[in-house]
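Dear colleague,

Here is the structure I promised to pass on. My notes follow below it.

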Amino acid sequence: MDITPGNTVNIEITATPRAEAARKTLLRVCGKDERMAKLRRVQKRDRPSWQWWQRGGRQWHHQMHTISPVKLTPGSRYEVRATVDVIRDLASVSRWIKVSSN
């Protein structure tokens with residue numbers, strides 16, 4: 001993989017990783033795509049993170065979990081700016097992705 005920092009790279013998911021660590025790495029890297037970052041900001045703005053209700057005269061709360069807009073299905077494509085940490089992460093999950101530079 002010959003990628004120089006500062007360029008934009010296209011990432012295509014070729015297979016869904018079974019290892020949880022690889023899945024988390026791909027979610028983190030693909031979440032840097034501008035479209036995914038915008039969806040995350042909209043999701044954070046529109047959905048409350050705390051749900052309150054009263055039970056037995058006391059206030060109870062529940063913090064909702066955020067579902068990532070990134071889908072790791074084969075054929076999904078993401079465009080990310082290549083930085084040193086992104087290049088290192090892409091090298092670690094290279095058997096589940098196909099990387100091409102712009």
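Which backbone oxygen does the side chain of Ser 76 reach? That of Lys 71, at 3.3 Å. Please keep in mind that this is a predicted model.

More on Ser 76. Its place is the loop between β3 (58–63) and β4 (77–81). Ser 76 counts as buried because its relative accessibility is 14%, and the cut-off for buried is under 20%. Neighbours within four places in sequence aside, Ser 76 is in contact with Ile 11, Glu 12, Ile 13 and Lys 71.

Next, the helices. Helix α1 covers residues 20–30 and helix α3 covers residues 84–92. Their axes come within 10 Å and cross at roughly 145°. The crossing of α1 and α3 is left-handed. From α1, Thr 25, Arg 28 and Val 29 take part in the contacts. They meet Val 86, Asp 89, Leu 90 and Ser 92 of α3.

Leaving out residues up to four places away in sequence, Val 86 touches Val 29, Lys 32, Val 80 and Arg 81. Ser 68 is 18 residues from Val 86 along the chain, and their C-alpha atoms are separated by 18 Å.

Last, the rings. The structure holds zero aromatic pairs. Trp 60 does have a charge over its face: Arg 55 lies there, at 5.1 Å from the ring centre.

Best wishes

Definitions and conventions: Residues numbered from 1 in each chain as written. Predicted model: local features only at pLDDT ≥ 70, side-chain atom pairs only at ≥ 80, totals over all residues. Heavy atoms only, no water. Phe/Tyr/Trp six-rings, centres within 6.5 Å; stacked < 30°, edge-to-face > 60°. Lys NZ or Arg CZ within 6 Å of the ring centre and 35° of its normal. Helix = DSSP H or I, 4+ residues; strand = E, 2+ residues; numbered from the N terminus. Buried < 20%, exposed > 50% of the residue type's maximum accessible area, 1.4 Å probe, protein only. Polar contact = N/O pair within 3.5 Å; in protein donor to acceptor, adjacent residues only side chain to side chain. Contact = heavy atoms within 4.5 Å. Axes fitted to C-alpha atoms, helices over the stretch in contact; angles between N-to-C directions. Left-handed = near helix turned anticlockwise from the far one by under 90°.
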